[in-house]
Amino acid sequence: MTESRRQLKVPIGFALWLFAFGLSLAIALLAEPTGSGFTRGLNRVGTFFRWQFLAFALAIFVWLSGRELSRPGASASLLSRIPIYLQCLLGLVGVGIVALAVIFR
């Protein structure tokens, strides 16, 4: 594969990741909660996690595509790290919230 085609994988993958990440937030916020009682609104949580799973897979793809580039300091290489860092940060925030809930009950 030529270098220009490799460099195209990063911005296209980044755009797809950004779309999936943004859509996970938008759909979760705009979806009408269903169910009653304790389960009310769990459809929103499930939708959020499904789209975040896709966004995480795309983030890994973008990160691995950026590692293939011959010039590591290129802007495409730097762009390829942003999705995986943000996905990991989101995961750490989720773990932190659960840990705080367990500690402070």
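Helices (H or I, at least four residues) and strands (E, at least two) are DSSP runs, numbered from the N terminus. The structure described here is a predicted model, in which local features need pLDDT of at least 70 and side-chain atom pairs count only at pLDDT 80 or more, while totals for chains, interfaces and linings use all residues. Residues are numbered from 1 along each chain as its sequence is written, and side-chain values use heavy atoms, with hydrogens and water left out.

The overall fold comes first. The protein holds three helices and zero strands, and from the N terminus on its elements run α-α-α. Its radius of gyration is 17 Å, well over the 13 Å that the globule rule gives for 105 residues, so the protein is more spread out than a compact globule. Here the radius is taken over C-alpha atoms, and the rule is 2.2 Å times the number of residues to the power 0.38. Along its principal axes, the C-alpha trace spans about 55 × 30 × 15 Å. Of the 105 residues, 25% count as buried; buried means under 20% relative accessible area, exposed over 50%, and partly exposed in between (1.4 Å probe, protein chains only).

With a relative accessible area of 2%, S65 is buried. Leaving aside residues up to four places away in sequence, S65 touches K9 and V10, where a contact means heavy atoms within 4.5 Å. A polar atom of the S65 side chain lies 2.8 Å from the backbone oxygen of F61. The C-alpha atoms of S65 and S80 are separated by 7.3 Å, although these residues are 15 apart along the chain.

Finally, there is empty space to explore. Rolling a probe the size of a water molecule over the atoms shows where such space is left. On a 1 Å grid over the protein atoms alone, a pocket is an open set of points where a 1.4 Å probe fits, with protein on both sides within 12 Å along at least five of seven lines, and lining residues have an atom within 4 Å of a point. The largest pocket has a volume of about 180 Å³, this being the space filled by probe spheres set on the points, which are joined across faces, edges and corners. Its lining includes F48, F49, Q52 and F53, along with Q87, L90, G91, G94 and V95. Helices α2 and α3 (75–104) each supply at least two lining residues, and the largest share, five residues, comes from α3.

How values were computed: Polar contact = N/O pair within 3.5 Å; in protein donor to acceptor, adjacent residues only side chain to side chain.
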